[in-house]
Structure formats: C-alpha cells, structure tokens
Amino acid sequence: MRRIATEKPAILSRLGPYRQSRFLLDVSDAPFLLLMQPEARRLTAHSRRAAAPDHDAAIRGGLAAFLAMLHGAEDGDALFFSGELQISGDTSAVLALRNALDDAELDLTEELAGISGQPLGRWLRRGSALVARKSGFILSRQEVMP
C-alpha cells in the first residue's frame, strides 16, 4: 500500500477528506478481513473469529467482484446495485474510494511484479495469466475485454 501511495499520490489526493477514513474490506471467500487506512498507508489483515476492527465504511462481497471492480472490468455502481458488493457505513467515503481507484487504473499483477523485480516479475505475470485463465478471476487490466 505504501508503494502504491508513493507511486500514485493522486489516489490519496482524490480521496480528499476521506483519506483518513478506515475501510473494512470483507472479501467473503477470504479467511480474514482487511482494514485499509489510506492516510496511514496501511493495509492490515484481521481474523474473522474476532470482532471486526473499528471502521468508517465497509465493502463486502466475493473476491471476483472486488477484482473486477479494481481492474475496471465491472462498473462499481453496477456491482453495488446488483448486490454483488454491499456497502455499509459512510457511503460518501466508499464512493470517494471507488472514484480514486478508478482513476488510478491499478493492476494488481503489475504492482506485485514491480515489487518482485526481474526475473521474478516476469514469472509472476505468466503465473497470474495462468491462474486467471483457470480461475476466471480478473487479475490484471490486460485481461479486460471491451
């Protein structure tokens, strides 16, 4: 998260006053909850067995829906209205987050490949493409079809 915020500072400025918000990301098929704190540039994992950490807004849904929204393959509003993603808490903060992520055009595969460097990054891209084909998950922006 620090790397992304450093390389794409527009994400934080696009969040405006909501950069201090705490976003709970409840990916229903993950064994843990994620708490994202943009201002602190922190993303932490929390056990599902404990009470959810304090947060200002929550987004809940399946991994496929989160990945599709992040990579721009699905419209965030459509995912919310269809019920594939549910939000609670400060909806203005969630809207600001969605807009900031849309503008940043993040690509998780490329972010991870950038961290790992060469030649691991190249292998990671190939592995990601294979996993995407096998799982149907959208793991990068290159896989988004018009």
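Predicted model: local features only at pLDDT ≥ 70, side-chain atom pairs only at ≥ 80, totals over all residues.
Which residue in E2 is the bridge partner of phenylalanine 23? It is methionine 36.

Residues are numbered from 1 along each chain as its sequence is written, and side-chain values use heavy atoms, with hydrogens and water left out.

First, the overall layout. The protein has 7 helices and 5 strands. These are DSSP runs, numbered from the N terminus: helices are H or I with at least four residues, strands are E with at least two. Along the sequence the pattern reads α-α-β-β-β-β-α-α-β-α-α-α. The radius of gyration is 15 Å, close to the 15 Å from the globule rule for 146 residues, so the protein is as compact as a globular protein of that length. That radius is taken over C-alpha atoms, and the rule is 2.2 Å times the number of residues to the power 0.38. The C-alpha trace spans about 40 × 35 × 30 Å along its principal axes.

Now back to the strands. E1 and E2 pair in the antiparallel sense over 3 bridges. To count as paired, two strands need at least two bridges found by DSSP. A hairpin of 4 residues joins E1 to E2. E2 also pairs with E3, residues 42–47, antiparallel over 6 bridges. There, leucine 33 has histidine 46 as its bridge partner in E3. The E2–E3 hairpin has 4 residues between the strands, and arginine 41 in that turn has a positive phi of about 55°.

Why is E2 largely enclosed by the rest of the structure? Because 5 of its 6 residues are buried. Buried means under 20% relative accessible area, with a 1.4 Å probe and protein chains only. Across the protein, 36% of the 146 residues count as buried.

Last, the largest pocket. A pocket is an open set of points on a 1 Å grid over the protein atoms alone, where a 1.4 Å probe fits, with protein on both sides within 12 Å along at least five of seven lines. Lining residues have an atom within 4 Å of a point. Here, 30 residues line the pocket, and Ile4, Met36, Leu43, Leu70 and Leu108 lie nearest its centre. Elements giving two or more residues to the lining include E1 (23–27), E2 (32–37) and H3 (63–70). H3 gives the largest share, 5 residues.

How values were computed
Buried < 20%, exposed > 50% of the residue type's maximum accessible area, 1.4 Å probe, protein only.
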